[in-house]
Amino acid sequence: MLDGHWDASGDWGGLIFVPSVDELQEFRIQTNTFSPQYGWSMGNAVNAITRSGSSSFHGGMFEFLRNAKLDANNFFSNRNGIPRRNFKRNQYGFNLGGPLYIPRLYRQRNRTFIFGAFEGLRQQTPLTAVLSVSTPEQRQGDFSRTLNANGSPATIYNPFT
């Protein structure tokens, strides 16, 4: 439950919204026996309460940086003489909460509060792969020169038969 409301999809049971760590004020995990209001769960319930604003502005920012310059090479790549891949990951965000004040429209600073958060992720993960690219003859439907690894002609099977 998120702020007292069900936060799961009824058809597949997945979470609809997962708040970031900075958006949470508190959470509680209940197991075994609990009140009937959590009757849809299968033996446990997670209650999460999100933060709200206050009468003064408060906020925070964060950034997690990870890249190839800070990482060691993979054991197996290092053993086979493969250089370290160029990996980049940057996860960042901010949150801000405070009173709702709209000049000349809404001045109830001690009654209405707002809170918002943003998270971003930029990641580049290069991948080493060995792929086969079809030849111009194969693109035309001529597989007569398609060979196995040992040099014998390859047998082409129709997957629909």
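Helices (H or I, at least four residues) and strands (E, at least two) are DSSP runs, numbered from the N terminus. This is a predicted model, in which local features need pLDDT of at least 70, side-chain atom pairs count only at pLDDT 80 or more, and totals for chains, interfaces and linings use all residues. Residues are numbered from 1 along each chain as its sequence is written, and side-chain values use heavy atoms, with hydrogens and water left out.

Q: Which strand holds Asn 95?
A: The strand in question covers residues 88-99. Asn 95 therefore belongs to strand 4.

Q: Is Asn 95 buried or exposed?
A: Buried means under 20% relative accessible area, exposed over 50%, and partly exposed in between (1.4 Å probe, protein chains only). Asn 95 has 7% relative accessibility, so it counts as buried.

Q: Which residues is Asn 95 in contact with, leaving aside its neighbours within four places in sequence?
A: Contact means heavy atoms within 4.5 Å. With those neighbours left aside, the partners of Asn 95 are Asp 22, Arg 51, His 58, Gly 59, Gly 60, Phe 115, Gly 116 and Ala 117.

Q: What pattern does the protein follow along the sequence?
A: The protein has 2 helices and 5 strands. Read along the sequence, their order is β-β-β-α-β-β-α.

Q: What is the radius of gyration of the protein?
A: The radius is taken over C-alpha atoms, and the globule rule is 2.2 Å times the number of residues to the power 0.38. For 161 residues the rule gives 15 Å. The protein is more spread out than a compact globule, because its radius of gyration is well over that value, at 28 Å.
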